[in-house]
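Hello,

Here is the structure I promised to pass on to you. Have a look at it first, and then read my notes below.

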Amino acid sequence: MTDAALDPEDRKLITLARATRARNAVPEGAAVRDETGRTYVAGTVALESLRLSALQTAVAMAVASGATSLEAAAVVSEAGSVPDADRAAVRDLGGAGTPVLLAGPDGALRDTLGAG
């Protein structure tokens, strides 16, 4: 999928994730959209006693808010891939077919993966 073909709601996820990454000066920003269209946005958590990726944090926020499924997820990062543990968190809530969008810090879409 190219940037031009990206659904506006998916573009919104990337924009939210990018803004969170920049605002909080963290390595990654992430956003997920639940089955009702609500979005949850998070950055990397790097405490001495707790380490979560941005995507894991966004999924946890969705679960804690009562979401029962995910429609899509997005990560903005300098990394070239989405770690298996992050995709597993999306899969646990959204299923194997949930799209996970990976964008660079400039917001350009790099890849679209399945959570499975």
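**What I found**

Strand β1 (residues 29–34) pairs with strand β5 (residues 70–76) in the antiparallel sense, over six bridges. Before going further, please keep in mind that this is a predicted model, in which local features need pLDDT of at least 70 and side-chain atom pairs count only at pLDDT 80 or more, while totals for chains, interfaces and linings use all residues. Residues are numbered from 1 along each chain as its sequence is written, and side-chain values use heavy atoms, with hydrogens and water left out.

A word on the names: helices (H or I, at least four residues) and strands (E, at least two) are DSSP runs, numbered from the N terminus. Two strands count as paired if DSSP finds at least two bridges between them.

**The sheet**

In which order do the five strands of the open sheet lie? The order is β2-β1-β5-β6-β7, and the pairing is mixed. β2 (39–43) and β7 (109–114) form the edges with a single partner strand each, so one side of each has no neighbour in the sheet. On average, neighbouring strands of this sheet are turned by 15° against each other, direction ignored; the axes behind such angles are lines fitted to C-alpha atoms, for helices over the stretch in contact, and angles run from 0 to 180 degrees between N-to-C directions.

Towards β5, A30 stands opposite V75 and V32 stands opposite A73. β5 and β6 pair in the parallel sense over four bridges, and V76 stands opposite A103 in β6.

**Inside the structure**

Is β1 enclosed or open? Six of the six residues of β1 are buried, so the strand is largely enclosed by the rest of the structure; buried means under 20% relative accessible area, exposed over 50% and partly exposed in between (1.4 Å probe, protein chains only). G29, A31 and R33 point one way from β1, whereas A30, V32 and D34 point the other way. β6 is also largely enclosed, because four of its five residues are buried.

A30 is buried, with a relative accessible area of 0%. Leaving out residues up to four places away in sequence, A30 touches several residues, among them A17, Y40, A58 and A74; contact means heavy atoms within 4.5 Å.

Helix α1 (residues 8–24) includes D10. α1 has 17 residues and reaches 24 Å from its first C-alpha to its last, close to the 24 Å expected at 1.5 Å a residue; the expected span is 1.5 Å times one less than the number of residues. Which residues of α1 are buried? They are D10, L13, I14, A17, T20 and R21. These cover an arc of only 130° around the axis, which puts them on the same side of α1; the arc is that of the directions from the helix axis to the C-beta atoms. The buried residues of α1 pack against β1, β2, β5, β6 and β7, while P8, A22 and R23 are exposed on the other side of α1.

D10 itself counts as buried at 10% relative accessibility. Apart from neighbours within four places in sequence, D10 is in contact with R33, A72 and L101. At the N-terminal end, D7 caps α1, with a side-chain oxygen 2.7 Å from the backbone nitrogen of E9. Just after α1, A25 takes a positive phi of about 50°.

Helix α2 (residues 54–64) lies across β1, β2, β5 and β6 (99–103), and runs at about 140° to β2. In α2, A54, L55, T57, A58, V59 and A62 are buried. G66 follows α2, and its phi is positive, near 100°.

Enjoy exploring it, and write back whenever you like.

Best wishes

Methods
Polar contact = N/O pair within 3.5 Å; in protein donor to acceptor, adjacent residues only side chain to side chain.
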